[in-house]
Amino acid sequence: MSRENSSNGVLIGAIVGGAIGAISALLFAPKTGANLREDLSNKFKTISEKTKEIATTVGNNTKDLAAAVGQNTKDIATNIKEEACDLVDHAKKSNQHIMDSISSAKDDVKDGLATTGR
């Protein structure tokens, strides 16, 4: 995420820097007031259009990223759920095996006591 924030910061810096440079160039160029206003208006429109294009691109990329993250999260959750179910099944089988072993040992002890007469 910090890489995206850095990229967004560079992008914003480039837009602002470009706008400042264009306005400075227009203000220092020897033109009449009407020509200067027209040039400023044209540059503002160009910058505005490019900003809209960039915002659209960033929005689309963000949507794509969010969709990918959402799908990855679902996949991970599914995998974790399957692993948890497998662990529960294994624990149940192990528990049953232990209970069977205890029951068998208990029967062996009873049989051993019965044969010794105790």
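1. V16 is partly exposed, having a relative accessible area of 44%; here buried means under 20% relative accessible area, exposed over 50% and partly exposed in between, with a 1.4 Å probe and protein chains only. V16 is found in helix α1, which covers residues 2-28. Helices (H or I, at least four residues) and strands (E, at least two) are DSSP runs, numbered from the N terminus.

2. The model is predicted: local features need pLDDT of at least 70 and side-chain atom pairs count only at pLDDT 80 or more, while totals for chains, interfaces and linings use all residues. Residues are numbered from 1 along each chain as its sequence is written, and side-chain values use heavy atoms, with hydrogens and water left out.

3. Together with I12 and I20, V16 forms a nonpolar surface patch with about 280 Å² of accessible area. Patches are made of residues with over 30% relative accessible area and no salt bridge, with like charges joined within 9 Å and nonpolar side chains (Val, Leu, Ile, Met, Phe, Trp, Tyr) within 5 Å. A salt bridge is a side-chain nitrogen of Lys or Arg within 4 Å of a carboxyl oxygen of Asp or Glu. Accessible areas come from the Shrake-Rupley method with a 1.4 Å probe; for residues, only the protein chains shown count as cover.

4. A negative surface patch consists of E82, E83, D86 and D89. Of these residues, E82 lies in helix α2 (residues 33-116) and is partly exposed, at 46% relative accessible area. Lys and Arg count as positive and Asp and Glu as negative, whereas His and the chain ends are not counted.

5. K52 is also placed in helix α2 and counts as exposed, with 57% relative accessibility. Between K52 and G18 there are 34 residues in sequence and 15 Å in space, C-alpha to C-alpha.

6. What does the secondary structure of the protein come to? It comprises two helices and zero strands. The radius of gyration is 37 Å, well over the 13 Å that the globule rule gives for 118 residues, so the protein is more spread out than a compact globule. This radius is taken over C-alpha atoms, and the globule rule is 2.2 Å times the number of residues to the power 0.38. Along the principal axes, the C-alpha atoms fill a box of roughly 125 × 20 × 10 Å.

7. Of the 118 residues, 3% count as buried.

Notes:
The place of a charge is taken as NZ of Lys, CZ of Arg, CG of Asp or CD of Glu.
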